[in-house]
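Please look over the sequence and the model first, and then follow the sections below.

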Amino acid sequence: MGFIKRNAVTLVLFALVLGFVLYRRVPAYLENKRAMEQPPAQFQATSLTGTSYSLESLKGKFVVLSFWATWCMPCRAEIPILNSIYEELHDDGLVILGITAEENAVVQDFLADRPVSYPVILDEYGSITNRYSVQAYPTLVLIDKNGKVVDRAMGLDPLIKWKIRKRVTGSYL
């Protein structure tokens with residue numbers, strides 16, 4: 001009993017922090033789980049370079065949809081990671097599509113200073129973003145070669161490079 005009295009404030013603060021973390025993370029976890037149980041939303045879009053993409057045309061490839069924004073600091077940190085894994089594995093069937101709902105001029109200015117090696121798609125009116133229920137940036141949706149959503153992550157995941165490599169090649173290395 002002496003331990004609880006001496007550490008009551010610490011225990012209460014710990015319980016509050018734990019409650020807050022659960023309050024913030026559990027809904028996101030449940031949304032991701034629900035999204036992974038459904039087939040991916042079909043879309044047709046054109047990249048900044050003029051190449052047309054649809055989910056149907058990418059069957060047989062491992063697809064990463066990266067929902068991002070120019071003002072998002074975690075997105076900026078994620079771009080070099082995705083560039084690296086794309087350059088390494090695009091010959092093995094990896095397709096990364098960077099999808100942003102921002103205006104063309106804003107995106108072009110951003111890309112002038114920060115090169116992206118994978119295709120970037122402007123999501124006019126946020127239609128693709130809405131179909132994938134994106135609630136935070138960055139959000140990554142990983143779709144396997146059979147067209148099934150196998151992973152979905154909100155926020156910067158420092159292990160994403162290894163997760164993608166494992167899904168594409170079968171090895172973390």
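## The sheet

In what order do the strands of the open sheet lie, and what is their pairing? In this predicted model, the sheet has five strands in the order β5-β4-β3-β6-β7, and its pairing is mixed. The edges are taken by β5 (120-122) and β7 (149-154), each of which has a single partner strand, so one side of each is left without a neighbour in the sheet. From one strand to the next, the twist averages 20 degrees.

Strands of a sheet pair through backbone hydrogen bonds, in either the parallel or the antiparallel sense. Here β3 and β6 are paired in the antiparallel sense over five bridges, and L65 has V141, in β6, as its bridge partner. The helix α6 lies across β3, β4, β6 and β7, and runs at about 155 degrees to β3.

## The nonpolar cores

The largest nonpolar core has 24 residues, of which F62, V64, W68, L94, I96, L142 and I164 touch the most other members. Two or more residues are given to this core by each of β3 (62-67), α3 (73-89), β4 (94-100), α4 (104-113), β6 and α6 (160-169), and α3 gives the most, with six residues. Apart from this core lies another, of 19 residues, which include A41, F43, L97 and I99.

## The disulfide

The count of disulfides in the model comes to one. This link joins C72 and C75, whose sulfur atoms are 2.4 Å apart, and with 80 degrees about the S-S bond it is right-handed. Both C72 and C75 are buried.

## Two loop residues

S47 is found in the loop between β1 (44-46) and β2 (52-54), and S47 counts as buried because its relative accessibility is 7%, where the cut-off for buried is under 20%. Not counting residues up to four places away in sequence, S47 touches Y53, P119, V120 and I121.

Q135 has its place in the loop between α5 (127-131) and β6 (139-143), and Q135 counts as exposed because its relative accessibility is 55%, where exposed means over 50%. Although Q135 and M154 are 19 residues apart in sequence, they are 8.1 Å apart in space, C-alpha to C-alpha.

Note on methods: Residues numbered from 1 in each chain as written. Predicted model: local features only at pLDDT ≥ 70, side-chain atom pairs only at ≥ 80, totals over all residues. Heavy atoms only, no water. Helix = DSSP H or I, 4+ residues; strand = E, 2+ residues; numbered from the N terminus. Buried < 20%, exposed > 50% of the residue type's maximum accessible area, 1.4 Å probe, protein only. Contact = heavy atoms within 4.5 Å. Core = buried A, V, L, I, M, F, W, Y, C linked by side-chain atoms within 4.5 Å. Disulfide = S-S within 2.5 Å. Pairing = 2+ DSSP bridges. Axes fitted to C-alpha atoms, helices over the stretch in contact; angles between N-to-C directions.
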